[in-house]
Amino acid sequence: MVTRALACAVVAAALRPLLIGAVQPKALEEWFVSPQGFGMSVPEAEALASQKWHTLTLCGIEVKDLQALKNVMFDTKGMGLDMVQLRKEIFPLAEQHVSPVKLGTMYTALTSSYTISGGLALPKAQAQETAITMLKSRAEPDELYALYKVMYGYSGLGFDKTTAQRTAISLAIAGADANTFKTTYQQSKNIVLAQNAAVAAELSGLVRRYAKDAKPYTASEFQKYYGNDWFSEWSAGPMELHVSSDHRAHTASQFARHYGANWQTKYQASAEATQKRLASDGKVYTMLEYQSYYGNSWQTLWSASPELPCSQCAPFVAAAAPVDVVV
């Protein structure tokens, strides 16, 4: 019979490569207790640290990462979530490696006025929820600004505010080329046609998402296969990532932002990342494994699961210095 001590030793040995630089239970507990963290009682902090330490370690999350997210989410000058909301939302965002800076930028885009900064001027509560949803979907704030600008305001297409807000948000989540949307709408006066063309044209049509069969397809391929349902299927599909020279998995948008004019060559020459996530049973699975087990519901469960390094990637912690960091 395997003793508890031996079992713990086996687990520790398996985790050892991930522990260098990862969060330690005591440090996590201390942060939960501190006013800089959650301000919890010691028993509450001990219990939460025990519950979260393993997953945060596998995801390469440290206290400084949680602090950076809290600074954006809890500060009244930022998103202004209350403590109950913060405790609920911070761990899924951390475990999916959402950038605190990008989260704050997205919230600003959603709440600021159009006349001052081109923002959508959503109410606070709606903007809080929408920013979190959009960042989990890997949406880009710059794209949201660009889409809203072509739809609303003096130089826009004349959409009413509510239509422009709703359409810009859904297209930013899907990923869409703002200029293509504008040109197609001017020619057709049809939002659906403009939407279809804009998503298909995004980043030269190189973006792919994983359909229900856990295989990647372009937006044009989704349109041909799913017909009228393609947009919802596309938006629900996880995004394809490629492995860059920093040994991390990145979106096509990140490649474009980092490499500029040469991004397409870099992206097409790089390997498709075999993405992995941590399931509710505490084990690590690829997309194909999720799909094989969960069937057509795999995408929803995948999107809610903690993100782990891809099969070809370096660990999130204890990695060598990156050769060429993509942001």
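A cavity here is a set of points, on a 1 Å grid over the protein atoms alone, where a 1.4 Å probe fits but cannot get out; points are joined across faces, edges and corners, and the volume is the space filled by probe spheres set on them. The structure is a predicted model, in which local features need pLDDT of at least 70 and side-chain atom pairs pLDDT 80 or more, while totals for chains, interfaces and linings use all residues. Residues are numbered from 1 along each chain as its sequence is written, and side-chain values use heavy atoms, with hydrogens and water left out.

The lining (residues with an atom within 4 Å of a point) comprises 16 residues, of which Glu 143, Gly 175, Glu 202, Met 239 and Ser 253 are the closest to the centre of the largest cavity. Helix H10 (161–174) and helix H15 (252–259) each give two or more residues to this lining, and H10 gives the most, with 3. Helices are DSSP runs of H or I with at least four residues, and strands are runs of E with at least two. By class, the lining has 8 nonpolar, 3 polar and 5 charged residues, with Gly counted as polar.

Turning to the sheet, 3 strands form an open, antiparallel arrangement in the order S7-S6-S8, pairing being defined by at least two DSSP bridges. S7 (284–286) and S8 (307–308) are the edge strands. S6 (residues 276–278) is joined to S7 by 3 bridges, and Arg 277 stands opposite Tyr 285 in S7.

Note on methods
1 Å grid on protein atoms, 1.4 Å probe; cavity = no way out; pocket = protein on both sides within 12 Å on 5 of 7 lines; lining within 4 Å.
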